[in-house]
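Please read them with the model open beside you.

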Amino acid sequence: MLLPSCRWRTWFLGIYLCWTFAVVESQLPDPNFKEPITNVTAPVGREAILACTVQDLASFKVAWLRVDTQTILTIASHVITKNHRIGVSHSEHRTWFLHIKEVKETDRGWYMCQINTDPMKSQIGYLDVVVPPDIIDYQTSTDMVVREGTNVTLRCAATGSPAPTINWRREDGRQISLSKTEQVQSVEGSTFNITKVNRQHMGPYLCIASNGVPPTVSKRITLVVQFPPMIWIQNQLIGAREGQQITLECISEAYPKSINYWTRDKDEIVPQGGKYEPVIIDSAYKVVMKLTIKSVSASDFGSYKCVSRNSLGDTDGSIKLYRIPASSGYHATDVEISKHKGKQRKNAGNNYLEGNQDMLKERNSSQRSRKEDEDNEEDYYSSGEARCRLPSPGAVAACGLMLLLLLLPPRHQPQLRPT
């Protein structure tokens with residue numbers, strides 16, 4: 001037990017120390033913020049860190065709060081909230097860090113750094129949470145099948161923060177045809193409108209959503225355009241000599257894919273094998289049909305048809321194979337040259353035959369045969385003023401005699417004097 005004098009001495013020392021500490025604290029500067037809180041942007045799922053830098057903190061405390069809910073998150077080095085994703089750290093009691101792990105969109109907002117002075121001092125910083133784009137399947141178009149000539153609208157919807165932009169591109173990199181005169185590499189917008197769609201629009205398209213937050217996402221949408229068959233024939237009249245190998249060719253366009261075959265005069269299907277060799281080269285909606293006759297005989301001359309059929313219709317194109325006499329001295333290549341040297345052949349050039357258009361076909365076989373005979377007579381060679389028709393042997397002989405007379409020197413004719 002202390003003596004009364006000792007008790008008084010201890011009490012006096014306590015009073016003295018309290019007074020000394022009060023004087024020292026009163027002489028220290030007040031704590032303050034050294035710099036404002038920098039706003040932070042973090043992708044969803046990552047960690048966000050906000051920093052609060054103070055000076056002259058001394059024995060005061062720093063706390064972090066959520067502004068919109070007025071929730072105390074941390075005080076000094078202690079985490080107050082029950083949110084396991086929240087953490088706190090500091091650097092020499094000067095910079096205090098608020099850690100938010102596995103950031104969610106709900107974490108977006110204002111956060112306050114507070115010093116427990118009297119009056120209280122505080123400053124706030126903003127946490128922005130960005131979200132990569134994501135395409136909404138139920139609001140986005142799926143693969144489409146349409147008829148040629150109709151109007152088409154493709155739709156694509158996406159979420160993300162910030163709101164993503166949407167671009168349409170062809171998967172194969174080709175340009176998109178908006179009209180006969182306008183072609184573009186891409187189309188921007190959530191909807192993509194095609195007026196009077198045609199077969200050249202067919203193919204896969206990519207709906208691409210981006211907002212600057214990786215990764216960019218896309219969805220593949222295939223556009224299928226259906227149309228009845230159409231046949232294109234380069235040469236409807238072809239000449240050949242007996243024993244020669246000749247190839248007939250048609251180009252067919254159709255979708256759904258067509259059934260393609262060759263027929264003869266009486267609509268008999270040309271058999272495969274032997275002297276006949278049909279070949280089909282398929283590419284998307286276009287088909288090249290070739291019929292090679294290895295050794296032409298007299299029975300092979302006549303009309304051939306390339307036929308194309310699908311569920312939307314059918315069409316055919318005619319090619320006439322005529323005989324070039326062996327005594328004519330001309331080759332098949334000479335006949336082709338006549339297209340350029342002589343008068344233009346009526347049936348020369350490109351001929352388009354579309355399905356279910358009877359106006360493009362001959363009314364009956366007799367008219368077609370008569371027309372083809374007239375067209376055959378139109379082919380001729382020209383040399384100066386002398387013109388030789390093909391393939392008549394008599395015409396060739398007459399032409400040769402006329403050329404011979406032109407080449408002979410003029411004979412001297414005696415002059416007749418009047419008596």
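1. Start with the open sheet of 4 strands, in which the order is β1-β3-β8-β7 and the pairing is antiparallel. The edges are taken by β1 (32-35) and β7 (86-91); each has a single partner strand, so one side of each has no neighbour in the sheet. From one strand to the next, the twist averages 35 degrees. Keep in mind throughout that this is a predicted model.

2. Which strand is joined to β7, and by how many bridges? The partner is β8 (residues 95-100), and 6 bridges join the two strands, which run antiparallel. To find the pairing on screen, look for Gly87, which stands opposite His99 in β8.

3. A second open sheet to look at also has 4 strands, in the order β21-β27-β26-β23, but here the pairing is mixed. At the edges stand β21 (237-240) and β23, each with a single partner strand, so one side of each is left without a neighbour in the sheet. With direction ignored, neighbouring strands of this sheet are turned by 20 degrees against each other on average.

4. Within this second sheet, β26 and β27 (residues 313-323) run antiparallel and are joined by 9 bridges.

5. Now turn to the charged side chains. Side chains of opposite charge can pair when their charged atoms come close. The structure holds 17 salt bridges. Three of them are described in the points that follow.

6. Arg108 and Asp128 meet through their side chains in a salt bridge, with an N to O distance of 3.2 Å. Arg108 is in the loop between β8 and β9 (109-115), while Asp128 is in strand β10, so the pair ties together parts that are 20 residues apart in sequence. Are these two residues buried, exposed or partly exposed? Arg108 counts as partly exposed, at 25% relative accessibility. Asp128 is partly exposed too, with a relative accessible area of 24%.

7. A salt bridge also forms between the side chains of Glu253 and Lys286, at 3.9 Å from N to O. Glu253 belongs to strand β22 (residues 246-255) and Lys286 to strand β25 (residues 286-293), so this pair links distant parts of the chain, 33 residues apart. Glu253 counts as buried because its relative accessibility is 13%, and buried means under 20%. Lys286, at 36% relative accessibility, counts as partly exposed.

8. What about Asp300 and Lys275? These residues form a salt bridge in which the closest N and O atoms are 2.6 Å apart. Asp300 lies in the loop between β25 and β26 (302-310), and Lys275 lies in the loop between β23 (259-263) and β24 (276-283), so the pair ties together parts that are 25 residues apart in sequence. Asp300 is buried, with a relative accessible area of 0%. Lys275 counts as partly exposed, at 27% relative accessibility. Beyond separate pairs, salt bridges that share partners join Glu148, Arg199, Glu253 and Lys286 into one network.

9. Thr140 deserves a point of its own. Where does Thr140 lie? Thr140 is in the loop between β10 (121-135) and β11 (144-147). Thr140 counts as buried because its relative accessibility is 6%. Its side chain reaches the backbone nitrogen of Ala157 at 3.2 Å. Leaving aside residues up to four places away in sequence, Thr140 touches Ile135, Arg155, Cys156, Ala157, Lys219 and Ile221.

10. Some totals for the whole protein complete the note. There are 4 helices and 30 strands. The protein has 419 residues, of which 38% count as buried. Of the contacts between residues at least 6 apart in sequence, 62% join residues at least 24 apart. The accessible surface comes to about 25900 Å², and 53% of that surface belongs to carbon and sulfur atoms.

Notes
Residues are numbered from 1 along each chain as its sequence is written. This is a predicted model: local features need pLDDT of at least 70, side-chain atom pairs count only at pLDDT 80 or more; totals for chains, interfaces and linings use all residues. Side-chain values use heavy atoms; hydrogens and water are left out. Buried means under 20% relative accessible area, exposed over 50%, partly exposed in between (1.4 Å probe, protein chains only). A polar contact is a pair of N or O atoms within 3.5 Å; within protein, one must be able to donate a hydrogen and the other to accept it, and residues adjacent in sequence count only if both atoms are side-chain atoms. Contact means heavy atoms within 4.5 Å. Accessible areas come from the Shrake-Rupley method with a 1.4 Å probe; for residues, only the protein chains shown count as cover. Two strands pair if DSSP finds at least two bridges between them. Axes are lines fitted to C-alpha atoms, for helices over the stretch in contact, and angles run from 0 to 180 degrees between N-to-C directions. A salt bridge is a side-chain nitrogen of Lys or Arg within 4 Å of a carboxyl oxygen of Asp or Glu.
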